[in-house]
Amino acid sequence: MVFIFGINFPEQTLVKRSLETFYGIGPKVSRGIMARFHIFPWAKVGSLKNAQVLDLTAELSNMKIENDLRREVQDNIRRLKDMGTYRGRRHAMGLPVRGQRTRSQIKTARKLNKIERGGFGRA
Amino acid sequence: MSSSTCLRRFAKSSLERAVQPSIASRSLISPQASCFSTSAPRHALPTLAKASKGPPPKKGSTLILKKKKAPAKAAGRPPAPGDRKAMRKRIVLSNNNALEVAGLQDLKETDALSGISEGQVKGLPEDVVDALRAMEAFKTNQGWKLFRRPATLIRKETTELAGLLKQAEEEKKTVRRVFIGDRMSGKSTLLLQSLSMGFLRNWVVINLPEAYDIVNAHTEYKPLPGSHPTQYTQDVYTANFLSQIVKANKSILENTQITTNPSLPLPLPAKASLKQLAELGIANVETSWPVFVALWKELTQPGLPPVMLALDGLAHAMRNSEYLSAQVKPIHAHDLTIIRHFVDHLSGKATLPNGGAILAATTSSNNPRVPAFEFSMQVAEAKRYHPDNIPQWNPYKNVDQRVIECLKDVEVLKLNGLSKEEARSIMEYYAASGMLRAKVDDKFVTEKWSLAGMGNIGELERAAVRLRI
């Protein structure tokens with residue numbers, strides 16, 4: 001098991017995959033981080049050197065990810081709602097925000113548009 | 001007139017429906033809806049309410065009409081991790097069901113570089129086979145598994161190459177050649193033949209089996225300290241490469257002592273052999289690149305045998321690799337140290353003081369589109385085969401200048417189809433192995449030769465041995 005940014009990952013996990021478990025890191029960001037420390041795309045967590053793990057953790061702790069990012073997103077939505085804007089209201093109702101039709105196909109809005117967007121963090 | 005008939009028919013049909021409903025409802029035949037009358041459905045028995053299974057589908061979600069089937073469980077255990085890959089990469093060099101060919105002679109040290117065995121099928125000696133296997137010169141898609149033991153046809157191009165190698169050996173020249181040709185025309189096999197000639201003549205033979213494996217970002221990489229512009233070393237790959245070199249050239253490396261005084265990060269015993277030097281790099285992966293550089297320096301000292309350096313899949317070495325630099329920009333393959341080493345020798349920037357050969361084969365099976373490389377090959381081909389018609393690069397298009405520079409004065413060896421005599425010789429070998437059950441006469445040879453696109457050897461094998469029509 002390898003600790004990256006306070007989370008334990010099994011050794012056979014891909015570094016890319018383990019990075020992308022953090023809220024706020026997707027394919028593009030993980031690619032950039034790995035390139036920065038010269039980690040090849042298929043590297044497994046177990047093959048990382050200690051220095052690389054520390055580098056990664058340091059890099060992640062300087063980024064706005066996980067709860068900080070969640071809080072920012074939620075604050076933005078809450079601000080809209082508190083101002084009483086249409087967008088805020090639509091977020092609160094779980095409906096599309098940008099004028100899409102609501103007769104069909106609003107699964108994404110139902111899933112994402114809520115005040116507590118992004119959940120409450122890792123269990 | 002016709003319209004009135006139609007109307008009458010409609011009236012009739014609706015009348016019939018009005019009479020039917022009671023019978024229909026009793027016989028529980030589901031009433032047919034008509035577009036002209038709604039009475040029949042209205043008279044029908046009320047349909048039984050379906051037993052409700054859970055809540056109705058959520059709004060906006062897709063209605064799933066089919067029942068989900070549990071996926072069929074595979075019988076037995078799935079293969080253990082790594083087994084599938086091992087199976088895929090397995091090299092089989094012998095077929096117990098094939099007959100032993102009676103008159104098959106081995107390629108010998110004395111006649112390997114002479115043209116006397118042209119047009120004959122020659123067996124590869126066992127130690128050469130071991131060395132080739134260690135070098136990963138055999139490919140899975142080649143037909144070695146069909147015959148009793150590995151043997152190759154010495155074709156016209158092989159003889160031509162043997163002549164060049166002989167010249168290189170005698171005059172201590174560096175031969176640089178790129179093998180081009182159609183798909184399955186035998187480029188990799190010609191590379192394998194030249195490697196085996198090198199082994200037979202006791203050269204130091206070094207082979208990079210697949211350029212694709214170097215550039216596809218499946219092994220570790222790191223910047224080479226002190227290089228400008230930055231180059232990148234691949235330690236794990238280099239260590240494996242060193243171990244292949246040691247396995248294939250054991251006797252030469254064991255019997256040669258270090259003469260220069262390489263500055264390595266790790267201590268080396270006094271009067272160490274080259275094998276010990278290489279093993280240092282294999283054991284300590286992070287020193288593998290400096291060790292390889294030191295080894296190469298040793299191998300190019302005067303008095304040592306010629307060196308053969310070969311690479312398959314050249315096009316992959318002429319484009320951006322899958323690796324990324326710290327600035328998240330793709331790294332050009334020429335910035336990877338191993339490729340750089342090869343390319344420097346191929347372009348003639350670095351030479352081999354003891355003579356030797358730098359050989360590369362292009363590939364048509366896993367072939368990336370690299371316009372600059374393709375153009376360079378066209379130019380090189382034109383220079384050799386029709387010098388009055390040399391193509392020009394479209395000046396309005398960007399070109400990878402590094403590739404053009406590197407392949408500026410490289411020479412090519414084009415593999416064409418076999419001649420009919422060569423085709424006959426190899427087909428007689430097929431027949432003697434019991435893999436071809438037909439009488440090999442002129443008619444049969446011509447038929448298969450034409451079927452194989454004027455003697456393309458891969459197609460010929462396919463038509464004669466693999467396909468059973």
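Reader: Which residues of helix H5 of chain A are buried, and what makes them so?

Author: In helix H5 (residues 86-93) of chain A, the buried residues are A:Gly88, A:Arg90 and A:His91. Buried means under 20% relative accessible area, exposed over 50% and partly exposed in between, with a 1.4 Å probe and protein chains only. The helix itself is a DSSP run; helices (H or I) need at least four residues, strands (E) at least two, and both are numbered from the N terminus.

Reader: Why are the buried residues of H5(A) said to line one face of the helix?

Author: Seen down the axis of H5(A), they fall within an arc of 165°, so they line one face. The arc is taken over the directions from the helix axis to the C-beta atoms. Helix H4 (66-83) of chain A is among the elements that cover these residues, where contact means heavy atoms within 4.5 Å. Just after H5(A), A:Gly94 has a positive phi of about 70°.

Reader: On what basis do these values rest?

Author: The model is predicted: local features need pLDDT of at least 70 and side-chain atom pairs count only at pLDDT 80 or more, while totals for chains, interfaces and linings use all residues. Residues are numbered from 1 along each chain as its sequence is written, chains are lettered from A and ligands numbered from 1 in the order in which they are written, and side-chain values use heavy atoms, with hydrogens and water left out.

Reader: Why is B:Met435 called buried?

Author: Its relative accessibility is 13%, and the limit is under 20%; B:Met435 therefore counts as buried. The residue lies in the loop between helix H16 (420-432) and helix H17 (442-451) of chain B. Beyond its neighbours within four places in sequence, its contacts include B:Leu146, B:Phe147 and B:Arg468. B:Met435 and B:Leu146 are 289 residues apart in sequence, yet 7.6 Å apart in space, C-alpha to C-alpha.

Reader: What makes B:Gln231 buried?

Author: B:Gln231 has 16% relative accessibility and so counts as buried. Its place is in the loop between strand S6 (222-223) and strand S7 (232-233) of chain B. Among its contacts outside four places in sequence are B:Asp335, B:Thr337 and B:Arg340. In chain B as a whole, buried residues make up 45% of the 469 residues.

Reader: How much area is buried between chain A and chain B, and what does the term cover?

Author: The value is about 1300 Å², of which carbon and sulfur atoms give 60%. In chain A, A:His38, A:Phe40 and A:Arg110 lose the most area to chain B, together 43% of what that side buries. Buried area is the accessible area (1.4 Å probe) that two parts lose on being put together, summed over both. The contact takes 15 residues from chain A and 16 residues from chain B.
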